[in-house]
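Morning, everyone. Please look at the model on the screen while I talk.

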Amino acid sequence: MDRRPLLSRAPRGFSVLGLVLFVAAIAALAAFPSFVKKPYVLHMGVVLFLAIIQGQAWNVIGGYAGQYSVGHAAFFGIGAYVTMMLLELNKTAPWVGIWAAIAAAVLLSLVIGSITFRLRGPYFVLASISVTEIIRLAALHFKDFTRGAEGFLVTEIPTLKIGATEIEFFTKRPFYFAALGLAVVTIIANWAVQHSKLGYYFQAIREDQDAAHSLGINPAFYKNVALAISAAFTAAAGGFYAMFVKFIDPNTVFGLDVSVQFVLICIIGGIGTILGPVIGAMVLVPLSEILRNPKGLVQLGIVSSDSGFVRFIEANLSNAHMLVYGILVVVVILFAPEGVLGVIRRLATRLRRRTPSRGRTEPAATA
Amino acid sequence: MAILDIEHVSKFFGGLAANSDVSFSMEQGMIMGLIGPNGAGKTTLFNCITGYYPPSKGEVTFKGTRLNGLQPDQVCRLGMVRTWQKVRPLAKLSVVDNVMVGALARTSSLRVARELAMEQLKVVRLDHKPDFLAGGLPIGERKKLEVARALATKPELLLLDEVMGGLNPAESEEIIQLILELKKRGLTQMVIEHDMKAIMRISDRIVVLNSGEKLAEGGPREIADNPDVIAAYLGERVE
């Protein structure tokens, strides 16, 4: 068997090709609403970008630092609630309120981190779930403050004035651009983390905490840093979600299924990589949308309204999206433990080997 | 002044004394051999010195700083670093990235860290495969990687825990040459080893542990002829 490594995860500086593709993708996505005006399509774009942001945010703590938090709903929910409550109770514009939301989430992350990072492996996972459940139950219980299960509804988002242009958040369009921008910022931040001392330290902790400790790394400190970065972007996603969906209650933003979604995006796409969460979101978002709302395919004109496929899903799978998620995770873990991205890379490496090369295979550079 | 002072260090796990009242000190630039039968408390002593376990009793002083209560990362930054008996490569990182993690204890620049790392890889003769995943290296190279990574933290005192264990004679010889070369550069080292020939060759002084206690200390010749050490560990010479 060939024992040479198939791929090296080592971040290797700047890839010009990667940068060009990244910029081209942004340009194409930014131009997209000029050609496609269907609100449903733009809506799905926003959901996709949101999932990318979620995946990238989780990636910092789960992918690089190797701490599989299944409690990211805590930061998502805090982001949503702080942004929402500042808007509804204090008339604070969301683009201001979101900074308060981020600050609150970072503070919360330090509290949660100092509790849960005493534990390792599966115990950490369980602790992260428990803490988040406590927060969800508290949000349900303290009705005077949070309105409990009644939740919050956005009455009106103020008009954003940048110079002379006024942006009104009535249609999907402004949300589309805001989500795209936020996703781009998150991806760049993720790249910057990976290509810095922090990234090296996070990965060292993931690979072997004791070895990392002996090499001058304070694991408790750096895990908290990773969680704080992750929480900040998660809160931004939560605040954005609240404004986009316009209604939140404790179960929709603090629920366990929200936490699971963060993890799924990364596991499916490929943990610990920049592209992974993007691919994971591109798999998971359409899948869950088709399962929950097969009529969307009709709206897009992909299938006709009397399609047997739509009727089949509506009849058999409409409430089974969690089941399908579960099966998907099992399939990924069994057949593609490094996610869809891992499969793609392996295939690419194998193809390159089959073509006659100069004797030695270069270790694959990572994007 | 001694670079490392170990004074009356004891470590108890419940009723078991893994180390009991161990004292010795090391001078700058020397190689100290640490030997003893399995379970004598050699690795426990390493753990006590480097901050993984707080000693139950006694004191460790490194370059005049009391280490009690310091964490391993703080000990590393003070200039003392250890390797692991069971090697701990950062498996999914490349060889050079492994060493860079060590180098980043002394710099925040990835570029500087990479240069430092390549230097150390040259020292251990592993600079021909910097981009290989550490997890895929054979045992001999993993041991070298372990040393390179420790060296990259720029230590003044290097603690090697059975760095020759599991190696073939040629690989062991390479490690011996490496240790002697590091000594020439002025690095102080403490070496746990079971290979008596090797430890006698490289050590300036040897401490023998037995059941957690210090049984003997002296030069290699002295230790080899010490009747207590022969009875407890070395065994009778077969003529």
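I will take the sheet of chain B, then its other strands, then the interface, then a helix pair in chain A.

Ground rules. This is a predicted model: local features need pLDDT of at least 70, side-chain atom pairs count only at pLDDT 80 or more, and totals for chains, interfaces and linings use all residues. Residues are numbered from 1 along each chain as its sequence is written, with chains lettered from A and ligands numbered from 1 in the order in which they are written.

Start with the sheet. In chain B, 4 strands form an open antiparallel sheet, in the order E2-E1-E4-E5. Strands and helices here are DSSP runs, numbered from the N terminus: E for strands, at least two residues; H or I for helices, at least four. Pairing needs at least two DSSP bridges between two strands. The edges are E2 (16–26) and E5 (65–66) of chain B, each pairing on one side only. E1 (residues 4–13) of chain B runs antiparallel to E2(B), over 7 bridges. B:Asp5 has B:Ser25 in E2(B) as its bridge partner.

What lies across this sheet? Helix H1 (residues 42–50) of chain B lies across E1, E2 and E4 (57–62) of chain B. H1(B) runs at about 65 degrees to E2(B). Axes are lines fitted to C-alpha atoms, for helices over the stretch in contact, and angles run from 0 to 180 degrees between N-to-C directions.

Next, E9 (residues 205–210) of chain B. E9(B) pairs with E3 (residues 31–35) of chain B in the parallel sense, over 4 bridges. There, B:Met32 stands opposite B:Arg205. E9(B) also pairs with E10 (residues 213–218) of chain B, antiparallel, through 5 bridges. B:Ile206 faces B:Gly218 across that pair. The hairpin has 2 residues between its strands, and B:Ser211 takes a positive phi near 50 degrees.

Now the interface. 29 residues of chain B are in contact with 21 residues of chain A. Contact means C-beta atoms, placed from the backbone, within 7 Å. On the chain B side, H2 (72–78), E6 (80–82) and H3 (95–103) each supply at least two residues.

Last, chain A. Helices H8 (residues 197–207) and H10 (residues 219–245) of chain A pack at about 115 degrees, with axes 10 Å apart. Among the residues in this contact are A:Tyr201 and A:Phe202 of H8(A), and A:Tyr222 and A:Lys223 of H10(A).

Conventions
Two residues are in contact if their C-beta atoms, placed from the backbone, lie within 7 Å.
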